[in-house]
Each structure stands twice: as structure tokens, then as C-alpha cells.
Amino acid sequence: MKTMEPSAREEVSQSDQTHTSMRTDCQGKPPLTARLEPWMTASGTISQLHHLVQEHGSPLNLIHTDPFLRHIDALYQVAESHQVDFDVYFARKANKCLAFIDAAHSRGCGIDTASENELHQVLEHQVPSEKIICTAAVKSEALLQSCIVSGTTLAIDNPDELSRTALLSARLDRQAEIALRISGFRHDGHQLPSRFGFDIEKILPLLRDLQQSAPNTLQTLNLTGVHFHLDGYSQAQRISALRQLLPLVDQLRDMQFPIRFIDIGGGFPMSYLDSETEWNEFWMTHRRALLDRQEPLTWQNHGLGLQRVEDRLIGKPHCYPFYQSLVQADWFNGILSAQYETGTIASALRKRTLQLRCEPGRSILDGCGITAARVESRKQQSNGDWLIGLSMNRTQCRTSSDDFLVDPLLIPAMDESPLPRTPPGTSGFLTGAYCTESELLCLRKLQFARGVGIGDLIIFPNTAGYFMHFLESRSHQFPLAKNLVYHPQTGQYHPDAIEDL
């Protein structure tokens with residue numbers, strides 16, 4: 001074994017200490033300890049952060065594409081092990097940075113777009129149209145036309161989209177590439193609810209009626225795939241959907257539709273936390289707090305989806321399941337291995353010469369980003385809690401769920417402030433810049449082992465998937481956060497190309 005030089009040992013030791021203190025200097029009660037990629041706490045990143053925030057403003061998003069490529073490669077490896085024709089279509093809506101488009105394209109991936117701007121940006125980055133799908137929930141005529149003209153596949157969601165696409169295709173004298181989005185699958189004796197797609201029981205009668213009454217309509221459409229979107233992260237529900245879609249594909253082919261692929265959408269799970277024990281302990285303690293059996297863990301005892309009715313709690317958590325044990329490639333492997341007919345779903349796909357596609361976003365962005373914000377003020381309330389004001393607003397690290405349930409990190413200010421730090425053991429809440437009483441960046445109470453000072457940086461880990469951009473807002477005319485890309489060859493950060501648009 002090679003002996004480490006004293007200076008190298010010192011550097012590793014210092015890095016470990018920095019890593020530990022960043023965690024312990026800002027923790028929830030009880031803690032929810034973030035999974036961190038090495039680049040997030042590397043000495044090069046930490047040493048640059050204050051300078052980067054000073055130059056580019058607070059908050060600041062930092063991204064790195066290496067974990068993204070690693071997760072994509074793992075999915076392809078699973079499909080290859082089952083000898084399944086497979087393709088990943090990165091869900092662009094999960095992060096707007098153009099570096100991820102280029103990284104995905106370098107692996108031969110496709111891109112899932114959800115708006116006209118997303119589509120045009122992807123085309124401008126030289127992604128061929130046959131590697132793009134448009135799944136926008138609502139599609140304007142301009143978006144439909146752009147897809148038809150460019151040859152981008154449209155995931156058709158409803159009869160109006162089908163009719164409008166056919167009319168536009170006829171007017172443009174261009175056949176539209178389409179996939180039909182299907183919903184209404186049965187699972188465990190119940191129909192899975194969804195606002196997206198054609199009911200699986202109604203799609204064949206609709207197409208047969210069109211073949212008889214409006215054959216010219218179908219001639220303008222090249223139906224080559226079926227697609228679905230399911231809410232949540234259930235492996236079993238996706239297996240049920242595939243078991244119902246495979247015979248549908250057989251029937252569509254019998255009707256002379258050249259179906260080449262099934263697209264299972266996104267919803268691949270990931271885990272933000274390493275510890276299941278911490279996750280369970282948090283919810284057990286939070287439930288006790290909501291029943292007044294201990295001090296609250298959240299701002300004004302916010303339920304995070306749970307509500308107290310007399311002496312019991314109803315509802316369910318309105319947050320991402322930040323700890324999950326079966327994730328990403330292993331979760332995907334379980335789908336391909338699931339039983340179907342006399343074999344597996346994988347063998348059924350091979351038998352039919354069907355390509356399987358998916359549209360992951362969050363899960364392949366795992367470990368790809370952090371968001372840094374500067375402390376600007378501290379104020380103690382009458383109950384003893386402190387409000388820590390950051391140059392940031394809540395839309396810059398939030399999705400549609402109630403909270404970001406991962407402990408932030410703290411990096412002390414470079415320069416000593418003329419104002420003293422808050423006392424060691426300070427506890428309280430991170431607040432943002434919007435002028436509302438509800439402007440909390442984290443609803444959980446946090447504890448600061450060595451206090452908080454003006455100019456300290458709070459780091460929100462693993463924010464690349466949705467948290468950075470999904471709800472970001474320019475209310476009060478605040479600028480949007482800048483986005484910088486890490487270049488491992490130089491160890492430096494440079495603005496993402498999205499900053500030039």
C-alpha cells in the first residue's frame with residue numbers, strides 16, 4: 001500500500017474536519033443527514049464558494065454532470081443485462097441548465113421536453129428530432145407546429161390534441177410523429193387516477209371510429225408509440241401498467257399501427273438520505289409534536305401534510321419520500337424482471353421487438369447540484385427562536401411539496417463580521433426575502449452548534465432535481481439565481497449556457 005505523504009494526510013484530515021463541521025454546524029432536530037457527492041464538499045468547491053457568491057450573487061446554483069452520466073449509464077447497463085432495446089429521455093423540466101442536455105446527448109440519450117422554449121433549446125444544441133419527445137401538459141398551436149415541422153414525437157394526451165395535430169399536419173403537409181399517452185390502468189382492484197392520457201378502455205374504440213369515419217385524419221399521424229405518466233414512485237403500479245399495455249400494443253399492431261416503443265415516463269425513485277432510522281425517527285417525533293406530546297419540530301407546528309383531529313392524525317405526508325431503499329437502477333431492474341405471460345416483462349419486450357423508453361429527471365440528477373445562499377440577518381423572537389434571514393426566496397429551493405426535508409450545511413464567513421455571531425447552540429428557522437409571514441426556506445427548526453454570523457453561507461444539498469428551478473420566481477423583481485457548472489479538469493466553475501439566453 002502506498003504511504004501517504006504528511007501534507008496529503010493533513011489535507012485529507014482537514015477536508016474530513018470541514019465536512020463534519022459543515023454538517024454539525026447546521027442540523028435539524030432530529031437530524032436528517034444528506035447524502036453528499038464528494039465534489040460538493042471538496043476543498044476546491046468550499047474555497048471558491050464565498051468568491052463565487054460574491055461575484056454572481058445569492059442564491060447561487062452549482063451543478064456537476066458526472067453523477068448524471070453515472071446514473072444514466074447504470075440504467076443502460078440494467079437494460080443491457082436483460083437484452084432489452086432501451087433508451088433514456090432526460091426529463092428537461094427537472095433542471096433548466098443546458099449542460100445536462102449536452103451531457104445526455106454525449107451518451108446518445110434522448111430529451112423529454114415540456115414547453116416550446118425547452119424544445120427549441122434542445123434542437124439548437126444539435127439533438128436530433130428523433131431523440132426528442134414533447135410531453136407538455138398543455139400544448140399550444142405554436143408548440144404542436146414546432147414539433148410537427150421538426151419531426152419531434154408528440155405525446156398526445158387527449159382527443160383535442162389528436163384532432164388539432166391531425167389538422168395542423170394536413171395544413172403543413174407533414175406527417176406528425178406521435179405516441180398516445182394512456183391512463184386508467186387497473187392496480188390492486190382499483191383504477192389509478194390521472195389527469196393525463198386516454199383511458200385504456202376507450203382508446204381502441206376511438207381509433208376504430210376514426211379509421212371508419214375519418215381515415216384521412218389518421219393518415220396525417222404516424223403512431224409509433226404508447227406512453228404513460230403515473231404519479232408517485234410505485235414499482236408495482238408501473239408493472240401493472242406494462243402488463244396492460246403489452247396486449248394493447250398487440251391490438252394496435254393488428255390495426256396496422258406501427259408501434260415501436262413503450263414509454264414508461266418518469267418517477268424513478270431516489271434517496272436524499274443515507275439513514276432510514278433518521279427518516280423514521282423524524283416522522284415519529286413529528287407526529288408526537290403534532291399531538292402536543294413534545295416541542296414542535298416545525299414552524300408553528302406545521303403538519304407537513306398531517307392534520308390533527310382531536311387526539312388522532314389524519315392525512316399523509318405532503319413531501320417527497322426523502323429516504324427510499326429501492327432506487328434508480330435497482331428499482332428499474334425489478335420492473336424488467338417482473339413476471340409476464342410465461343416469462344418476464346423484459347422477455348415480452350424482446351419477443352415483440354419493442355423498445356422501452358423512460359423519462360427520468362430527479363433520479364438521474366441525484367448528486368448533481370447544490371444551492372448556496374448568504375446569511376444577511378439574525379433576529380431572536382420572544383420565544384427564544386432565531387430567524388436567520390438569507391438572500392434567497394422560498395421558490396429557489398422548493399417544489400410543489402411542503403418542504404425540503406434535508407439538513408442544510410453551513411460554511412462560516414471568510415471575513416470576521418463587526419457583528420457578533422449568535423450564541424453556540426442557537427436554534428431557529430431559515431427565512432427568505434419575500435414580504436409574507438409564510439416566507440420560510442425550511443419549515444423544520446434547525447440548530448447551529450457554533451452560532452450563525454453575517455456572511456455565513458447556507459448550502460442546500462442535492463437540489464439539481466426540480467428544487468432549483470421548478471418554482472423559481474422573480475417576484476419583487478429579484479433576479480433569478482445564477483447557474484454555474486463545475487469543470488473537473490480545471491476545478492473551476494463557469495456560467496451555464498442558459499445564462500446567455
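This is a predicted model: local features need pLDDT of at least 70, side-chain atom pairs count only at pLDDT 80 or more; totals for chains, interfaces and linings use all residues.
Residues are numbered from 1 along each chain as its sequence is written. Local features need pLDDT of at least 70, side-chain atom pairs count only at pLDDT 80 or more, and totals for chains, interfaces and linings use all residues, while side-chain values use heavy atoms, with hydrogens and water left out.

A pocket is an open set of points with protein on both sides within 12 Å along at least five of seven lines, and a cavity is a set of points where a 1.4 Å probe fits but cannot get out. Lining residues have an atom within 4 Å of a point. Points are joined across faces, edges and corners, and a volume is the space filled by probe spheres set on them. The largest pocket holds about 1400 Å³ of space. Its lining has 39 residues, of which H229, D231, G232, Y233 and S400 are the closest to the centre. This lining divides into 17 nonpolar residues, 14 polar and eight charged (nonpolar: Ala, Val, Leu, Ile, Met, Phe, Trp, Tyr, Cys and Pro; charged: Asp, Glu, Lys and Arg; polar: the others, Gly among them). One cavity of 30 Å³ or more was found. The largest cavity has a volume of about 30 Å³, and R23, C26, Q27, T33, D407, P408 and L409 line it.

Side chains of opposite charge can pair when their charged atoms come close. The structure contains 22 salt bridges (a side-chain nitrogen of Lys or Arg within 4 Å of a carboxyl oxygen of Asp or Glu). In one of them, K131 meets D87 at 2.4 Å, N to O. K131 is in the loop between α6 and β5 and D87 is in strand β3 (residues 86-91), so this pair ties together parts 44 residues apart in sequence. Helices (H or I, at least four residues) and strands (E, at least two) are DSSP runs, numbered from the N terminus. With a relative accessible area of 18%, K131 is buried, and D87 is buried at 6% (buried: under 20% relative accessible area; exposed: over 50%; partly exposed: in between; 1.4 Å probe, protein chains only).

A salt bridge also forms between E472 and K96, with the closest N and O atoms 2.7 Å apart. These two residues link distant parts of the chain, 376 residues apart: E472 in the loop between β23 (457-461) and β24 (482-487), and K96 in the loop between β3 and α5 (98-106). E472 is buried at 17%, whereas K96 is partly exposed at 22%.

E118 is located in helix α6 (residues 116-124). This residue is buried yet has no salt bridge, and R92, the nearest side chain of opposite charge, is 5.3 Å away (Lys and Arg count as positive, Asp and Glu as negative; His and the chain ends are not counted). The E118 side chain does reach the backbone nitrogen of A114, at 2.7 Å.

S401 is placed in the loop between β19 (386-390) and β20 (409-411) and is buried, with 13% relative accessibility. Its side chain makes a polar contact with that of T399 at 3.1 Å (a pair of N or O atoms within 3.5 Å; within protein, one must be able to donate a hydrogen and the other to accept it, and residues adjacent in sequence count only if both atoms are side-chain atoms).
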